[in-house]
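Open the model in your viewer and keep the sequence panel beside it. This tour tells you what to select and what you will find there.

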Amino acid sequence: MLTAADPLPFRPERVLIAGVTGSGKTTLARRVAGVWGLRHVEIDGLFHGPDWTPRPEFLDDVRSFASEDRWVTEWQYTSKGTDEIITPRADLAIWLDYPYRVVRSRLLRRTLRRSILRTRMWNGNVEKPIWQMFRSDPDENILAWQTKTLGHWTERMPDYTLRFPQLTIVRLRTPNETEQWLRAQAGESGVSIAPPKRRSRDR
């Protein structure tokens with residue numbers, strides 16, 4: 001497993017972004033796509049149909065993009081069958097292993113902003129009402145879901161390194177590490193990237 005200071009031994013073609021809900025997977029996926037010229041497939045958009053119902057075509061769509069040569073996506077829905085499709089095809093995984101205070105504050109800001117602004121997301125869905133943040137059911141409350149799954153990647157990464165030896169994993173422990181690492185990759189590729197919005201609490 002590589003750290004932020006380790007150079008990549010190759011130029012990736014198929015990339016997974018891992019991390020707990022709210023860590024910033026989709027934002028990083030978009031930026032990685034720009035650095036390496038990859039197609040970004042937002043996997044949430046494939047999974048969620050109208051009214052937050054799972055799309056029956058989900059795994060077929062995952063198989064379709066996974067068969068392509070170059071892409072980046074969020075490493076999600078492993079319990080729904082994506083691990084058998086995308087993980088064997090990927091050559092790099094970027095693991096956002098951030099402190100709890102960082103991912104919690106990020107998720108709170110995102111959820112409140114989307115709920116208040118009624119932001120339209122995948123297939124016309126909007127964030128659930130703010131009052132649902134006080135429910136204890138992880139299937140109804142995204143904050144409870146984050147709490148439930150905080151240890152998911154720490155528990156599973158050792159097994160992934162054994163099951164998928166072709167997969168190089170980079171573990172990034174803070175947003176600052178991620179920014180430094182991304183700038184290094186952009187420099188190697190001769191690409192200019194925009195600086196992130198400054199968030200002192202995310203350091």
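A pocket here is an open set of grid points, where a 1.4 Å probe fits, with protein on both sides within 12 Å along at least five of seven lines. Its lining residues have an atom within 4 Å of a point. Keep in mind that this is a predicted model.

**Stop 1: the pocket**

Select Pro7, Leu8, Ala184, Gln185 and Glu188. Among the 14 residues that line the second largest pocket, these lie nearest its centre. The volume of this pocket is about 200 Å³. How is such a space found? Rolling a probe the size of a water molecule over the atoms shows where empty space is left.

Now colour helix α7, residues 175-189. Helix α7 gives six residues to the lining, the largest share. What kinds of residue make up the lining? Eight are nonpolar, three are polar and three are charged.

**Stop 2: the whole chain**

Zoom out and switch to a cartoon view. The chain has seven helices and five strands. Follow them along the sequence: the pattern reads β-α-β-α-α-β-β-α-α-α-β-α.

Next, show the surface. The chain exposes about 10,700 Å². Carbon and sulfur atoms supply 51% of that area. Of the 203 residues in the chain, 48% are buried.

How far along the sequence do contacts reach? Take the contacts between residues at least 6 apart in sequence. Of these, 70% join residues at least 24 apart. Several later stops show such pairs of residues.

**Stop 3: Thr73**

Select Thr73, in strand β3 (residues 71-74). Is Thr73 buried or exposed? Buried means under 20% relative accessible area. Thr73 has 0% relative accessibility, so it counts as buried.

Show its side chain. The Thr73 side chain reaches the backbone oxygen of Val41 at 2.6 Å. Then show what surrounds Thr73. Beyond its neighbours within four places in sequence, its contacts are Val15, Leu16, Ile17, His40, Val41, Ile43, Phe65 and Ile86.

**Stop 4: helix α4**

Move on to helix α4, residues 100-117. Tyr100 is found in this helix. Its relative accessible area is 44%, and Tyr100 is partly exposed. Use the distance tool from Tyr100 to Ser23. They are 77 residues apart along the chain, but their C-alpha atoms are separated by 9.4 Å.

Stay in helix α4 and select Val103. Val103 has a relative accessible area of 1% and is buried. Which residues does Val103 touch, not counting those up to four places away in sequence? They are Val20, Gly22, Ser23, Tyr98, Gln146 and Leu150. Pick out Gln146 from that list.

**Stop 5: Met157**

Go to helix α6, residues 152-163, and select Met157. Met157 is buried, with a relative accessible area of 1%. Leaving aside neighbours within four places in sequence, Met157 is in contact with Met1, Ala18, Trp75, Trp95 and Ile169.

Now label Met1. Met1 and Met157 are 156 residues apart along the chain. Their C-alpha atoms are separated by 9.5 Å.

**Stop 6**

Turn to the backbone angles. Most residues other than glycine have a negative phi, and most peptide bonds are trans. The next two residues have a positive phi.

Select Asp51, in the loop between α2 (43-47) and α3 (58-66). Asp51 is not a glycine, yet its phi is positive, at about 60°. Its relative accessibility is 69%, and Asp51 counts as exposed.

Then select Tyr77, in the loop between β3 and β4 (92-96). Tyr77 also has a positive phi of about 60°, although it is not a glycine. Is Tyr77 buried or exposed? With a relative accessible area of 16%, Tyr77 is buried.

**Stop 7: Asn141**

Finish in another loop. Asn141 is found between α4 and α5 (142-148). Its relative accessible area is 4%, and Asn141 is buried. Draw a line from Asn141 to Lys128, C-alpha to C-alpha. The two are 13 residues apart in sequence and 8.7 Å apart in space.

Note on methods. Residues are numbered from 1 along each chain as its sequence is written. This is a predicted model: local features need pLDDT of at least 70, side-chain atom pairs count only at pLDDT 80 or more; totals for chains, interfaces and linings use all residues. Side-chain values use heavy atoms; hydrogens and water are left out. On a 1 Å grid over the protein atoms alone, a cavity is a set of points where a 1.4 Å probe fits but cannot get out, and a pocket is an open set with protein on both sides within 12 Å along at least five of seven lines; lining residues have an atom within 4 Å of a point. Grid points are joined across faces, edges and corners, and a volume is the space filled by probe spheres set on the points. Helices (H or I, at least four residues) and strands (E, at least two) are DSSP runs, numbered from the N terminus. Ala, Val, Leu, Ile, Met, Phe, Trp, Tyr, Cys and Pro count as nonpolar, Asp, Glu, Lys and Arg as charged, and the others, Gly among them, as polar. Buried means under 20% relative accessible area, exposed over 50%, partly exposed in between (1.4 Å probe, protein chains only). Contact means heavy atoms within 4.5 Å. Accessible areas come from the Shrake-Rupley method with a 1.4 Å probe; for residues, only the protein chains shown count as cover. A polar contact is a pair of N or O atoms within 3.5 Å; within protein, one must be able to donate a hydrogen and the other to accept it, and residues adjacent in sequence count only if both atoms are side-chain atoms.
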